[in-house]
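I opened this notebook to record what I looked up in one structure. The entries follow in the order in which I made them.

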Amino acid sequence: MASPRVGSRGDKEASEILLSVSSWCLCSVGMMVFNKLSVVHFPAVCFLVALQMAFCCVALLCFAWRWIHIGSIRDVLRWSMVTPFFSGMLLTSMLALKNAPMSLVVVLRCLSPVAGLVVESFYPRPIQVNAGMLGSIFLMLAGSTLYASRMPHQHFVGVGWALLNAALAVGDRLLQR
């Protein structure tokens with residue numbers, strides 16, 4: 001019986017996937033924690049979001065100028081539709097973090113697939129839904145309801161911002177599809 005080769009292509013792909021997913025998780029958690037800390041210590045939320053977006057634009061222009069390619073005016077107009085949803089998603093995320101704990105924002109964001117499935121059912125090639133997917137979504141809804149039912153009343157403002165954030169995130173992703 002032959003032993004698998006160490007360093008094979010499959011090992012390399014698996015390690016790249018593991019590194020990519022781990023990096024994404026680390027950045028995602030870090031971004032949420034740092035945004036929560038910044039919104040607590042810097043109350044001008046709109047200015048904070050504008051500052052973050054400006055920094056990203058400057059960094060992109062400085063370090064990725066060679067790879068930026070704009071095909072046509074149609075491409076610019078098509079991707080410009082995404083901008084209000086993306087900036088709204090950033091702003092509502094900060095407002096949700098300002099008015100609610102991070103756990104609430106995470107729990108309510110898991111409701112996004114429900115809205116996404118409803119809207120995607122009207123697409124020309126809708127996603128195929130199976131019983132496992134529906135069961136998972138039901139469990140997410142039940143968990144979110146249970147979590148929100150035991151939540152202190154002062155966080156209900158954050159619930160509104162978190163739900164609006166989820167709706168904007170769904171719009172953003174569907175426009176990019």
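I began with F42, which is partly exposed, at a relative accessible area of 33%. I call a residue buried under 20% relative accessible area, exposed over 50%, and partly exposed in between, using a 1.4 Å probe and protein chains only. The model is a predicted one, so local features need pLDDT of at least 70 and side-chain atom pairs count only at pLDDT 80 or more, while totals for chains, interfaces and linings use all residues. Residues are numbered from 1 along each chain as its sequence is written, and side-chain values use heavy atoms, with hydrogens and water left out.

I then looked for ring pairs: rings of Phe, Tyr and Trp (its six-membered ring) pair if their centres lie within 6.5 Å, and planes under 30 degrees apart count as stacked, over 60 as edge-to-face and the rest as tilted. I found 1 aromatic pair by this rule. The ring centres of F42 and F47 are 6.1 Å apart and the planes stand at 35°, so the pair is tilted.

I counted 0 disulfides, a disulfide being a pair of cysteine sulfur atoms within 2.5 Å. The sulfur of C25 has its closest cysteine sulfur in C27, at 9.6 Å, too far for a bond. C25 is partly exposed at 35% relative accessible area, and C27 is exposed at 55%.

I took a nonpolar core as a set of buried Ala, Val, Leu, Ile, Met, Phe, Trp, Tyr and Cys residues joined through side-chain atoms within 4.5 Å. The largest has 16 residues, and V45, M94, L104, L108 and V159 have the most contacts inside it. Helices α2 (45–63), α4 (82–99), α5 and α8 each supply at least two residues of this core; α4 gives the most, with 4 residues. Helices here are DSSP runs (H or I, at least four residues), numbered from the N terminus.

Beyond its neighbours within four places in sequence, M94 is in contact (heavy atoms within 4.5 Å) with residues including N35, S38, V45 and L48. S38 sits in helix α1 (residues 9–41) and is buried, at 19%.

In α6 (residues 112–120) I noted S112, G116, L117 and E120 as buried. Down the axis of α6, these buried residues fall within an arc of 130° (taken from the directions from the axis to the C-beta atoms), so they line one face of the helix. Their cover includes α5 (102–109), α7 (131–149) and α8 (156–176).
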